[in-house]
Amino acid sequence: MNTGTIVKGIGGFYYVDTGEEIVECKARGHFRNKNMSPCVGDKVDITITGEGKGSLDTIHQRSNVFIRPPVANIDAMIIVASVQNPAPDLAFIDKMLIIAQNSNVDVKICFNKFDLDNGSVNELVQMYRNAGYTAFTTSTVEDIGIDLIRKSLSGRITAFSGFSGVGKSSLLNAVLKQQVMQTGDVSERLKRGKHTTRHVELISYNNGYIVDTPGFSMLDFPKEITKDELKDYFPEFLNYESQCRFRGCNHMGNTKVCAVCDAVQKGEISETRFNNYKSFYDILSQRKEWQK
Ligand SMILES: Nc1nc2c(ncn2[C@@H]2O[C@H](COP(=O)(O)OP(=O)(O)O)[C@@H](O)[C@H]2O)c(=O)[nH]1
Ligand SMILES: [Mg+2]
Ligand SMILES: [Zn+2]
């Protein structure tokens, strides 16, 4: 018996990286019955049945699983925004931070296209660092920060998320020092009618894997997060919470009774982040029972 990671699944076959070779495996029938189908990222036990071929026997327990894109066991996520073209969407970043934390994914924020910076991006980097996150700048044009990404990829499965055009594919190509990913205007390619549906695939790098899909940009708030839990996803609130007048304060009140609101007023907590918190709180408050 061998153990490996599913790096690709096509037409009923799963390609399992055992560390020594990629084995083409057929899943044994009973997975379907158990309501669990193999997914890229799964750690699996296989039996070798022939030259480069095997059967997939057991799926190990997952640390997380995403449906769209279908991938399991993501260890890390790098949220990519760009300094300009397009400008950073902070509500998107803050939402992705919540999704990553909810799935126990180690998360970092990357501001790409640093070569286009007019001096304002450092403020954003600092804002996220103050909130307790790792944030940094990169440029694929000037080779800035690429090594930082390379180092962080070691020994784990990393996904990139971010809007189209921020430079995710360019960053991957820079990291891998080869043109594995297509870059440029994706919508142009769509217009020309090229086949763009792609399978999720893990790219092996530095004892870890990179998820090659941009699909993590469309994720919704996890169903299980309630409005009352939302505040737990904002690490910068933690130091103040015990000073709110009411236990379980949702920080939607005013500065007289809420230490978080007070800290925002004093500039100790970013107002931008706090405003996103409030708008997410409203979204979650309006969720109907059937949407939960
Ligand atoms: N100025 C500048 N342009 C970049 C940088 N990285 C990528 N780009 C450009 O941004 C556009 C979108 O890049 P791409 O990697 O396809 O973005 P993706 O949609 O996120 O995968 C391309 O025209 C790239 O050449 C960068 O660091 N600086
Ligand atoms: Mg791309
Ligand atoms: Zn409060």
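In which loop does Pro69 lie? In this predicted model, Pro69 is found in the loop between β6 (65-66) and β7 (71-72). The views below show backbone features in this and other loops.

**View 1. The cis peptide bond from Arg68 to Pro69.** Omega for the bond from Arg68 to Pro69 is near 0 degrees. Pro69 belongs to the loop that runs between β6 (65-66) and β7 (71-72). Most peptide bonds are trans.

**View 2. The cis peptide bond that joins Asn85 and Pro86.** Here omega is about -5 degrees for the bond between Asn85 and Pro86. Pro86 sits in the loop between β8 (76-82) and α2 (90-102).

**View 3. Asn73, a residue with positive phi.** Asn73 is not a glycine, yet its phi is about 60 degrees. Most residues other than glycine have a negative phi. The loop between β7 and β8 holds Asn73. Is Asn73 buried or exposed? Asn73 counts as buried because its relative accessibility is 7%, and buried means under 20%.

**View 4. Asn104, a residue with positive phi.** Phi at Asn104 is about 60 degrees, although Asn104 is not a glycine. Asn104 is placed in the loop between α2 and β9 (106-112). Its relative accessibility is 67%, so Asn104 counts as exposed; the cut-off for exposed is over 50%. Asn73, by contrast, is buried.

How values were computed:
Residues are numbered from 1 along each chain as its sequence is written. Chains are lettered from A and ligands numbered from 1 in the order in which they are written. This is a predicted model: local features need pLDDT of at least 70, side-chain atom pairs count only at pLDDT 80 or more; totals for chains, interfaces and linings use all residues. Side-chain values use heavy atoms; hydrogens and water are left out. Helices (H or I, at least four residues) and strands (E, at least two) are DSSP runs, numbered from the N terminus. Buried means under 20% relative accessible area, exposed over 50%, partly exposed in between (1.4 Å probe, protein chains only).
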